[in-house]
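The structure comes first, and the notes follow by topic.

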Amino acid sequence: MKKTLLTSALALGLAFGAAPSFAQETYFPIIAKGFSHQFWQAVKAGAEEAAARNGVTITFEGPNTEAEIDKQTDILNAAIAKNPQGLGFAALDSQAQVPALQKAADAGIPIVAFDSGVESDLPLTTCTTDNMAAAAAAADGLAKAIGEEGKIAAVIHDQTSATGIGRRDGFLNRIKEAYPKIEVVDVQYANDALKAADNVKAILQANPEIKGIFASNEGAAIGLAVAIKETGAQIVGVGFDSGKSQKDAIMEGTLIGSITQNPVGIGQCVVDSLAKAIKGEELPKVIDTGFYWYDKTNMTDANIAAVLYD
Amino acid sequence: MTDTAVQTAAAGKPGFFTTSTLQKAVAFVVLIALLAFFSLFAPNFATGSNMVGIMQATAVNGVLGVAVTFVIISGGIDLSVGTMMTLTAVMAGIILTNLGMPLPLGILGAIASGALMGAISGTTIAKLKIPPFIATLGMMQIARGLALVFSGAKPIYFNDTPNYGLLSPESSITRLIPGIEIPNGVMIMFIVAIIASIVLNRTIIGRMIFALGSNEEAARLSGINVDRWKILTYAICGGICGIAGLIVSSRLNSAQPALGLGYELDAIAAAVIGGTSLAGGRGTVIGTIIGAFIMSVLTNGLRVMGVLEEWKIVVTGVIIIVAVFIDIVLRKKA
């Protein structure tokens with residue numbers, strides 16, 4: 001018994017010896033901006049799939065809400081302390097966590113950023129959606145549906161994060177540049193579906209002549225759909241991300257369409273890039289994981305259905 | 001001292017009743033003043049549909065405010081009302097959607113699970129002598145965590161329960177009085193408020209809650225089973241949170257497991273603005289409902305006026321401080 005154990009231990013040791021870069025179990029902590037949103041669950045699913053494919057171990061963590069920058073920094077420090085072989089990180093604040101990341105870089109831990117970028121050269125690459133371009137596509141969809149003229153508004157999920165700012169500015173800039181006859185009369189902020197619903201109703205109250213509203217994430221889009229249903233307003237609603245509520249709303253015609261990112265692809269990209277990094281492969285500075293406009297007509301197409309989640 | 005103060009002080013009743021009535025009146029005047037202000041200065045504010053919108057925006061916070069009013073009057077505090085609401089909504093989702101049980105069981109399950117969590121908070125406070133702030137701070141996290149665990153961190157939808165909309169967005173009163181459209185969620189808030197008011201003012205439960213808040217030691221010395229009434233108070237609070245959970249999940253047609261954090265502070269603010277004293281022993285349900293309306297009228301009015309979201313938050317903060325200041329002034333005079 002003892003002998004077999006010893007031989008197998010030896011054999012294991014030899015096997016590890018043969019592959020020096022995997023001398024110990026390869027472990028990547030992946031730190032997201034949250035975990036309860038369906039979006040993050042989809043990123044997690046993609047990361048786990050890629051981890052299994054690459055034969056590495058990952059953990060997927062995030063703070064309770066996307067406002068808790070300090071909590072995320074704690075999670076980040078704890079992860080670095082474990083001395084992992086690589087680190088995936090979606091920064092809540094593009095600058096605040098640079099010192100912590102510097103520690104990881106000094107320890108020789110490869111860093112891959114995802115979702116929101118970090119304002120530094122430390123990450124080897126960033127797996128992300130081009131939020132400005134994606135929101136511009138939402139603006140195009142909305143503009144087309146209202147005949148490229150009239151008053152519109154936007155409900156944005158927050159005023160400080162890179163995604164909130166990127167989607168807001170991407171949407172507003174596109175309207176300003178391409179659609180001179182469209183006027184944005186109001187931009188409001190709401191960080192959950194209930195608040196977004198009451199918010200949209202107030203916007204409609206103040207501007208009864210409004211023809212369309214853009215909502216910048218899943219929660220805001222759910223609220224937008226609820227408000228349109230409750231008021232019976234004949235307006236064009238455009239959302240962002242997916243989730244069952246939003247998909248149903250598009251199917252029923254409450255919202256006319258939405259933009260989906262590729263969260264599963266983002267998760268895969270993070271783990272794949274880290275696996276490449278520890279093998280010494282070169283990575284491009286940014287990996288655009290893509291986005292798609294989806295509506296009633298293409299929701300069931302195979303390539304779109306694959307990136308939507310419930 | 002002014003004449004009115006002398007009169008109220010001389011009215012013969014114990015001081016806390018008179019100041020409470022007075023502050024309720026103050027809150028009511030503030031509410032009317034806000035409505036008048038926005039009607040004058042915010043175009044499109046004073047319409048029927050906007051009033052309904054304001055009522056609907058008040059429903060959840062109003063019900064949570066009533067829940068926390070019970071606890072605050074008893075001399076405690078409950079920081080878990082927001083996440084408890086979320087947990088009860090998730091419970092309703094599990095019972096109705098995952099287990100496919102009929103609607104009444106879902107309603108019962110939400111209220112019962114809230115009452116149970118509340119009773120647990122109450123027990124840790126009464127028996128283990130953990131300060132209410134700490135015990136319910138812990139419960140806030142426990143409820144939030146359990147909501148995420150039970151739901152698998154995913155929203156639960158009520159598409160298989162076609163009547164679920166009856167609990168909030170639909171308007172049943174239209175069938176009785178055609179032309180009047182008030183969402184059921186709002187009607188439920190008013191019914192909860194009326195029943196809670198009766199319980200607080202006309203029953204032994206209410207008398208015990210006021211006795212606990214006024215002077216717990218005196219209550220104990222006079223032979224009242226303080227622990228039992230305390231546990232019951234938190235259980236009532238939890239049960240009412242269950243009703244809020246039903247209203248919010250019905251309106252969104254889904255139990256959103258990440259929602260609810262921060263709602264406890266709005267609920268406490270509604271109670272405080274409405275004249276409920278954080279020191280305990282004093283407060284009214286009607287005051288809390290008025291407080292909740294003040295908050296949503298402010299939010300809605302400032303939005304309709306196009307005031308920046310950031311300033312709206314600042315104004316709400318100022319209102320809370322002013323309300324507590326009035327509370328202190330009135331208490332000194334009493």
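In this predicted model, strand β4 (residues 111-114) of chain A runs parallel to β5(A), and three bridges join the two. Across that pairing, A:Val112 stands opposite A:Thr125 of β5(A). On its other pairing, β5(A) meets β11(A) in the parallel sense, again through three bridges, with A:Thr128 opposite A:Asp288 in β11(A).

**The sheet of chain A**

- These strands belong to an open sheet of six strands with parallel pairing, in the order β2-β1-β3-β4-β5-β11 (chain A).
- Its edge strands, β2 (57-61) and β11 (286-288) of chain A, each pair on one side only.
- Neighbouring strands of this sheet are turned by 20° against each other on average, direction ignored.
- Strand β1 (residues 27-31) of chain A is parallel to strand β3 (residues 87-89) of chain A, and two bridges join them.
- The bridge partner of A:Ile30 in β3(A) is A:Gly88.

**Side chains of β5(A)**

- In a regular strand the side chains alternate between the two faces of the sheet.
- In strand β5 (residues 125-128) of chain A, A:Thr125 and A:Cys127 point one way, while A:Thr126 and A:Thr128 point the other way.
- All of these residues are buried.

**Around the sheet**

- Helix α2 (residues 38-54) of chain A lies across β1 and β2 of chain A and runs at about 170° to β2(A).
- A:Asp93 sits in the loop between β3 and α4 (98-106) of chain A.
- Why is A:Asp93 classed as partly exposed? It has 18 other C-beta atoms within 10 Å, and the partly exposed class lies between 12 or fewer (exposed) and 20 or more (buried).
- A:Asp93 and A:Ala162 are 69 residues apart in sequence, yet their C-alpha atoms are 7.4 Å apart in space.

**Helix α3(B)**

- Helix α3 (residues 48-73) of chain B has 26 residues, which at 1.5 Å a residue should span 38 Å; the end C-alpha atoms are 35 Å apart, which agrees.
- The helix bends by about 40° at B:Ala59.
- Because 21 of its 26 residues are buried, α3(B) is largely enclosed by the rest of the structure.

**Helix α11(B)**

- Just after α11(B), B:Asn253 has a positive phi of about 50°.

**Packing of α8(B) on α13(B)**

- The axes of helix α8 (residues 184-202) of chain B and α13(B) come within 9 Å and cross at roughly 145°.
- From α8(B), the residues B:Ala193, B:Ala196, B:Ser197 and B:Leu200 meet B:Val285, B:Ile286 and B:Ile289 of α13(B).
- By class, the residues of this contact are six nonpolar, one polar and no charged.

**Contact between the chains**

- The contact takes 24 residues from chain A and 25 residues from chain B.
- On the side of chain B that touches chain A, α3, α11 and α13 (285-305) of chain B each supply at least two residues.
- Which helix gives the most to that side of chain B? α3(B) does, with four residues.
- The side of chain B that touches chain A has 13 nonpolar, eight polar and four charged residues.

Notes. Residues numbered from 1 in each chain as written. Chains lettered and ligands numbered in written order. Predicted model: local features only at pLDDT ≥ 70, side-chain atom pairs only at ≥ 80, totals over all residues. Expected span 1.5 Å × (residues − 1). Bend = angle between axes of the 7 residues up to and from the residue. Pairing = 2+ DSSP bridges. Axes fitted to C-alpha atoms, helices over the stretch in contact; angles between N-to-C directions. Contact = placed C-beta atoms within 7 Å. Nonpolar A, V, L, I, M, F, W, Y, C, P; charged D, E, K, R; others polar.
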